[in-house]
Amino acid sequence: MPHPCQTCGACCARFRVAFHWSETTAFNPDGMPLALTQPLDAHRVSMRGTDCREPHCINLVGTVGGAVSCSQYARRPSPCRELGAAWEHGEPSPQCDRARAAYGLAALTPESWLPAAASQDP
Ligand code: SF4
Ligand code: SF4
């Protein structure tokens with residue numbers, strides 16, 4: 001079964017993704033390539049494409065609500081790692097719910113993670 005995030009991507013096209021510059025290759029060779037970010041303030045950068053009225057991260061591949069992936073998944077910054085999919089680990093995620101709602105996608109529920117229910121997902 002695909003992970004629900006692999007058929008969503010809404011949060012990558014809903015919020016500004018801001019983080020400390022030390023998470024980029026300017027400090028950490030394994031971090032987010034600096035060229036894929038833009039300066040935000042003295043201490044922070046944002047993912048290109050997310051600091052605007054209609055955010056869409058430069059790394060998001062595919063169409064929101066369809067088959068999506070992050071082209072820099074292994075290097076994704078802390079906000080991406082910290083935004084959990086709702087109920088994946090038994091906790092709600094208002095950000096996940098808001099992002100999905102903005103694209104007309106139903107909120108995930110605890111049942112979304114049951115193998116039987118998940119296998120019925122489109
Ligand atoms: S909005 Fe939720 S389900 Fe969609 S990609 Fe983000 S964390 Fe995953
Ligand atoms: S870096 Fe990847 S996980 Fe983070 S917002 Fe962009 S596409 Fe999404």
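Predicted model: local features only at pLDDT ≥ 70, side-chain atom pairs only at ≥ 80, totals over all residues.

1. Elements around the largest pocket. The largest share comes from α2, with 4 residues.

2. Size and make-up of the pocket. The volume of the largest pocket is about 860 Å³. Its lining consists of 37 residues, and those closest to the centre are Cys5, Cys11, Cys12, Cys80 and Leu83. Sorted by class, the lining holds 24 nonpolar, 8 polar and 5 charged residues.

3. Secondary structure and overall form. The protein chain has 5 strands and 3 helices, and along the sequence they run in the order β-β-β-β-β-α-α-α. The radius of gyration is 15 Å, close to the 14 Å that the globule rule gives for 122 residues, so the chain is as compact as a globular protein of that length. The C-alpha trace spans about 45 × 30 × 25 Å along its principal axes.

4. Of the 122 residues in the protein chain, 30% are buried. Among contacts with a separation of 6 or more, 52% are between residues 24 or more positions apart. The chain exposes about 7400 Å², and carbon and sulfur atoms supply 56% of that area.

5. Cysteine 5. Is cysteine 5 buried, exposed or partly exposed? With a relative accessible area of 39%, cysteine 5 is partly exposed. Setting aside neighbours within four places in sequence, cysteine 5 is in contact with Val68 and Ala85. Leucine 108 is 103 residues away from cysteine 5 in sequence, yet their C-alpha atoms are 10 Å apart.

6. Histidine 20. Strand β1 covers residues 18–20, and histidine 20 belongs to it. The relative accessible area of histidine 20 is 34%, so this residue counts as partly exposed. Not counting residues up to four places away in sequence, histidine 20 touches His43 and Arg44. Glycine 65 is 45 residues from histidine 20 in sequence, and the C-alpha to C-alpha distance between them is 29 Å.

7. Threonine 24. The loop between β1 and β2 (37–39) contains threonine 24. Beyond its neighbours within four places in sequence, threonine 24 is in contact with Phe19, Gly31, Met32, Leu34, Thr37 and Val45.

8. Serine 71 and arginine 76. Serine 71 lies in the loop between β5 and α1, and arginine 76 is also placed in the loop between β5 and α1. Serine 71 is partly exposed at 42% relative accessible area, whereas arginine 76, at 18%, counts as buried; the cut-off for buried is under 20%. Leaving aside neighbours within four places in sequence, serine 71 is in contact with Asn59 and Val61. With residues up to four places away not counted, arginine 76 touches Met32 and Arg81.

9. Cysteine 57 is 14 residues from serine 71 along the chain, and their C-alpha atoms are separated by 10 Å. Arginine 76 and threonine 37 are 39 residues apart in sequence, with a C-alpha to C-alpha distance of 11 Å.

10. Tryptophan 87. Most residues other than glycine have a negative phi. Tryptophan 87 is placed in the loop between α1 and α2. With 28% relative accessibility, tryptophan 87 counts as partly exposed.

Conventions:
Residues numbered from 1 in each chain as written. Chains lettered and ligands numbered in written order. Heavy atoms only, no water. 1 Å grid on protein atoms, 1.4 Å probe; cavity = no way out; pocket = protein on both sides within 12 Å on 5 of 7 lines; lining within 4 Å. Points joined across faces, edges and corners; volume = space filled by probe spheres on them. Helix = DSSP H or I, 4+ residues; strand = E, 2+ residues; numbered from the N terminus. Nonpolar A, V, L, I, M, F, W, Y, C, P; charged D, E, K, R; others polar. Rg over C-alpha atoms; globule rule 2.2 N^0.38 Å. Buried < 20%, exposed > 50% of the residue type's maximum accessible area, 1.4 Å probe, protein only. Contact = heavy atoms within 4.5 Å. Areas by Shrake-Rupley, 256 points an atom, 1.4 Å probe, with all protein chains shown as cover.
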